[in-house]
Amino acid sequence: MADSMSAQEKIALIKENLQEVLKEDIIEDVIVKQNRPLKIYWGTATTGRPHCGYFVPMVKLAHFLRAGCSVKILLADIHGFLDNLKAPIELVKYRAEYYKLVITSVLKSLNVPIDRLSIVLGSSYQLSAEYTMDLFRLSSVVTEHDSKKAGAEVVKQVANPTLSGLIYPLMQALDEQYLDVDVQFGGVDQRKIFALACESLPKLNYKERAHLMNPMVPGLSGGKMSASDPDSKIDLLDPAEVVEKKMKKAHCVPKEVEGNGILGFVEFVLLTVDSLKNGGKGKFVVERRKPEDGEPLVYEDIATLKADYQADRLTPQLLKPAITKALIQLLKPMQEEFRASPEWQDIAAKAYPAPEAKKKEKKVKDRGTRFPGAKGGVEAKQPDGHIEGNLNDPVNLGTGAGLEAKSDGHIEGNLKDRINLGTGAEEAMKSLDIRSETACV
């Protein structure tokens, strides 16, 4: 396909559905003047399970490949470890393998050529002496303030951050040089790291790169779609019933277009994927709830869909089932491949082991020493009726106990036959706080 495209058609496809492009002149110079394939890299830290939001960059990688670009995917295993230990070091290897299997399967399901695609593990070159020395050099020309600012939207922010969060943006900038690319691609949340790379790499006498940014599609709950927040995303291996349940709960305000992640998913994934698969204009079909309501709504562009949604012709009650159906079909080939691959299943179990069930500890209530059976307290024994325990402390049974100690030492009341305080009144009175019938004993 790329052989039949003009230079301008390639550039147009590369830029399609992007939110921002930095240094576009670098892209034009490579494709138009140098007349060679554009070299692009996209990196992902191997942390939580990949979710449906990954279709957004995957679709763009498909565009790059169709435009004849040479694409490298960086599985940033060390970055995952540096980002506040999102990927524990003992799981990093397995998670990188899991990501490789998922990404390859997704791209195959989109019917794109992958002969110009390569997948690189970060630790394969980031631990070399040369890379480490360059990292030291870069740290000498970038301030703590600039590094922290660059990673603010990417690195997990905590009250007492570790130094690893400052190293993360420096490595991402340096990766452009070591992967030998013309362009770095990522989400718009990466913009500050891209700007840091533009400013800092020339200080090490390395060339400046271009940067491509896709928009961030909001998650199901309205905020950022995150691998660490199960309520914000749909996992690529979620079964159909889970997809349906999550989609029903998804944030989708009627007639509201801005910030609507459901509409964003149609725009940046479903319409584009259908176009890639069918080689023409993409279609998104919305079935009516009842046959008598009319023909299905068919959309070939996002502008018409948004207009209908704003006019309340297309409602969340119609939109959500249509997206659910399309998404289940989109995930089906990959999930079938997962079920047919014992190797993939084994890697998944090692990469994301089930958390150990925490045993609930029974909390022992401290009821003091004045209840039956308490240590150092008083306990009425049966059947002989005597009391055991520490009688040096005063005991008050109160009037509600149904007992009364008489002046001659005996007990009267409902429980008199079950309790024996001693043989004399003086012993009983020393042990109990009682009311006496007489003023003297």
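Q: What makes H11 largely enclosed by the rest of the structure?
A: Of the 18 residues of H11, 14 are buried, so the helix is largely enclosed. Buried means under 20% relative accessible area, exposed over 50%, and partly exposed in between (1.4 Å probe, protein chains only). A word on the source: this is a predicted model, where local features need pLDDT of at least 70, side-chain atom pairs count only at pLDDT 80 or more, and totals for chains, interfaces and linings use all residues. Residues are numbered from 1 along each chain as its sequence is written, and side-chain values use heavy atoms, with hydrogens and water left out.

Q: Why is Glu 9 called partly exposed?
A: Glu 9, found in helix H1 (residues 7–15), has 44% relative accessibility, so it counts as partly exposed.

Q: How do you know that H11 bends at Glu 267?
A: The bend is the angle between axes fitted to the seven residues ending at a residue and the seven starting there. At Glu 267 that angle is about 30°.

Q: Why is H5 called oblique to H14?
A: Helix H5 (residues 92–109) and helix H14 (residues 342–351) pack at about 135°, with axes 8 Å apart. That angle makes H5 oblique to H14, because angles under 35 degrees count as roughly parallel, over 145 as roughly antiparallel, 65 to 115 as roughly perpendicular and the rest as oblique.

Q: What caps the N-terminal end of H11?
A: Asn 260 does, with a side-chain oxygen 3.0 Å from the backbone nitrogen of Ile 262.

Terms used. Helix = DSSP H or I, 4+ residues; strand = E, 2+ residues; numbered from the N terminus. Polar contact = N/O pair within 3.5 Å; in protein donor to acceptor, adjacent residues only side chain to side chain. Axes fitted to C-alpha atoms, helices over the stretch in contact; angles between N-to-C directions.
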